[in-house]
Amino acid sequence: MFDEDLIQKWLDEGTINHNQAEKMRADLVEYKKEHRSKKQVNAFSSIGAILIGIGAILFVASNWEKIGNTFKVLLLVGSTISIHYAGYHFKYENQKYPRLGSALILLSAMFFGASLFLIAQIYNINANNSTLVLIWIIGVFPLIYGYMSTPIAGLCSLLFYLWIGLLYMERTGLENLISVKDIYLISGIAIYFTGILHSLAEKTKHAGKTFKFMGLQAILISLFAHTFKMWEYKVEKIIPVIYAISGILLLALLIAKPLREKSRSFHADISISTIALLMALITLTTIYMPASEKVYMILFNVVFMGLLTLLLYAGYNMEDIGIVSTAMFWFILLIFARYFDFFWELLPRSLFFMFGGLVLLIISIVLERKRRELKVQFSGGEE
Amino acid sequence: MNQKKVFYLTVVFWLLIFSGFILYKEYTLRTGTKVILKTEPVDPRDLFRGDYVNLNYEISTLNLEEIEAEDPYLEYNDRIYLALEIENGYGVPKKIYKKPPDNELYIKGTVKEPIYEYREEDDDNLIPEESRLKERRVVEYRRIEYGIESYFVPEGRGLEIESQQWASREGIDVNVVVDKFGNAVIKSLLIDGKEVET
C-alpha cells in the first residue's frame, strides 16, 4: 500500500496531478479507517469467543448437579454443533459477517474441548489426562486448513504446550531425561518450524505467522527461565541430538534458495536456527564438561540478550512491529529480573525500589517512544 | 474441497469422537462385572473438570512378595493384567499377568514407580546387642495405575466427602465395573456401604 510520502513524491515528479493526489489521499484515509475497524471487529469477536469458551469449560468444571448427565451432554454437544454451524453460515453462506463467523468457529473448537471434558468427567477418566488434550488437538487441527482459520492455529499451539506439560507430569521418567525448560524450548522450536513450513505454501501460509508467533513466545519464555540461577543443569545425551537435528532442519529449509525466497521472515528464522544449534553445543558441552550454576546463568543471559538483539534486527529489517514489540517486552523483563538479582542485597530497600522504579520508568518512556516511531515508520504514517 | 463439505465432515468427525468415547465407556459399564475396591481418598482439583476425589486403591500398591506374578520383572510403564478374585463382593488381587489371562476376571493397569519399604526382621531370640544390629529387609511394592483414580464431584463436595470418609467406620469403597478386556469404569462411591449421592 502506498503512503502520504509516496503520493507527495509522485505529485512532485509530475506522475500524478493534484486531483489524482487528492483522490488517492481520500482513498488512503478510507482504507486505513476500514483496516482499523476490521482489526477492532477481529479483536472484539475473538475475545468474546474466548470468554464464552472459558465460561463453557468452567461450567463443566463446576459439575452442576441440578441437571442430569445426559441433558448436560446433549446441551454441550448440541451447542458445539450449533455454534459451529452458525460460524460456517456467517463466514461462507451469508458472508456478511466473516469475522464473526471465524470467531464462532473458534468458539465451537473450544466447546468441542469442553464437551470432551464433560464426557470424561461423567465417566471419571483420570484427572489431568494428557490423552484428552491430544484428542482435543486432533479434533480441531483439521479446521486450520478446512476453514483457513488462524485463531485455531493459535489454539492448537496452546493445546500442544498444555499436552506437553501434562505428559511431562504423567511420565515421571521424563524428568530424568529432560528438564521442563528444555522440553518447552524444543517444543517452541518445533512449533516455529511448523510455522516456517506453513509459510512456504500458498494454501497454508495463513497459519504460518501464528505458529511462528506461538513458537517464538515458548522459546523466549524457556530461555528466560534459563537465565535465572537455579539448580544444577543436567543433560542427557539425547538432548543435544534433538537440538542439533532441529537446528539443522531449520537451516536446511532456509539455505535452499527457492524456500528462502518464500520465507518472509528470513532473519528471525535464522535467529531461531542459531539458538537451536547453540543449545546443541551448550548441552553437548554440559554432558562432558558441566559448569557451575553461575557460569550457566551468565551464559544464558548472554544467549538471551543475543537472541533479543537478533530479533530486534530482524524486526527492523522486515519492518515487523510485532517482532520488535516482542523483543522489547522481553528486554524490559530481563532488565527487571537482573536488577532484582544483582541489587536486592546491595542497596537499602527504599533506595532499591525508588531507584529501580525510576530507571524502569525512563526505559519504558524511551522504548515506548521508539516503538511508536517504528510503528509509524513501518505502517507508512498510520498510527 | 468446498467449505460445505468441510462443515459436514467436521460435524461427523466430532460426533464420531463423542459417540466413540461414550460407547467405549458404556460398553464396559453394560457388559462388565461389578467389583468393589477399597480406597483411601484425598481431594484435589482438575484444570478443566473441577473437583475430584483422588482414589488410591489397595490394589494400587502391589506387594510383589505376596502376590504371585507370571513375570516378577515389572518395568516402568509396562502393561499388566491383574487377575481378581471376588470375596464378599470385593475384588482381591490373585495373580499378575503380562498377557490377558483366559477365563479369569482381570483389570488392566500400567506399572508406575517402585515403592520400597524397609522392615526389620522380627526375632524374639535375639539378645539386645544383636537386636540393635538386626538386618533390615527391603520389601518392594509397585504402584499400578488403572485409569480409575479420579472420581469427579460437584464443586465443593470433595471436602464434604473427605470429611465423611474420616467419620465413617469402614472407609470409602468404590463400585467399579470391569469388562472382559480388563477396562474399568467407576460406577459409584460407597461410604459405609451406602452409595454417595453426587
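1. Let's start where H7(A) meets H10(A): A:Thr150, A:Ala153, A:Gly154, A:Ser157 and A:Tyr161 in H7(A) touch A:His206, A:Ala207, A:Thr210, A:Phe211, A:Met214 and A:Ala218 in H10(A). Contact here means C-beta atoms, placed from the backbone, within 7 Å. By class, this contact has six nonpolar, five polar and no charged residues. Ala, Val, Leu, Ile, Met, Phe, Trp, Tyr, Cys and Pro count as nonpolar, Asp, Glu, Lys and Arg as charged, and the others, Gly among them, as polar.

2. A word on the ground rules: this is a predicted model, in which local features need pLDDT of at least 70, side-chain atom pairs count only at pLDDT 80 or more, and totals for chains, interfaces and linings use all residues. Residues are numbered from 1 along each chain as its sequence is written, while chains are lettered from A and ligands numbered from 1 in the order in which they are written.

3. Back to geometry. The axes of H7(A) and helix H10 (residues 205-226) of chain A are 8 Å apart, at an angle of about 30°; axes are lines fitted to C-alpha atoms, for helices over the stretch in contact, and angles run from 0 to 180 degrees between N-to-C directions. The two helices are therefore roughly parallel (under 35 degrees; over 145 is roughly antiparallel, 65 to 115 roughly perpendicular and the rest oblique). H7(A) passes H10(A) in a right-handed crossing, that is, with the near helix turned clockwise from the far one by less than a right angle, anticlockwise being left-handed.

4. H7(A) has another partner. Helix H5 (residues 130-140) of chain A and helix H7 (residues 150-170) of chain A have axes that come within 8 Å and cross at roughly 160°, so H5(A) and H7(A) are roughly antiparallel. H5(A) passes H7(A) in a left-handed crossing. Residues making the contact include A:Trp136 and A:Ile137 of H5(A) and A:Leu159 and A:Trp163 of H7(A). The contact divides into 14 nonpolar, one polar and one charged.

5. For chain A overall, there are 16 helices and zero strands (DSSP runs numbered from the N terminus: helices are H or I, at least four residues; strands are E, at least two). Buried residues make up 34% of its 383 residues; buried means 20 or more other C-beta atoms within 10 Å of the residue's own, exposed 12 or fewer, and partly exposed in between.

6. Which residues have the most contacts inside the largest nonpolar core? They are A:Leu106, A:Ala109, A:Ile152 and A:Ile219, in a core of 84 residues. Such a core is a set of buried Ala, Val, Leu, Ile, Met, Phe, Trp, Tyr and Cys residues joined through C-beta atoms within 7 Å. Its largest share, 16 residues, comes from helix H4 (residues 98-122) of chain A. Beyond its neighbours within four places in sequence, A:Leu106 contacts A:Ser46, A:Ala49, A:Ser149, A:Pro151, A:Ile152 and A:Leu155. A second, separate core of 31 residues includes B:Val35 and B:Ile172.

7. The contact between the chains takes 32 residues from chain A and 33 from chain B. On the chain A side, these divide into 18 nonpolar, 13 polar and one charged.

8. One spot in chain B to look at: B:Asn77 lies in the loop between strand S5 (68-69) and strand S6 (79-87) of chain B. B:Asn77 counts as exposed because it has 12 C-beta neighbours inside 10 Å. B:Asn77 and B:Val111 are 34 residues apart in sequence and 4.9 Å apart in space, C-alpha to C-alpha.

Technical notes:
Contact = placed C-beta atoms within 7 Å.
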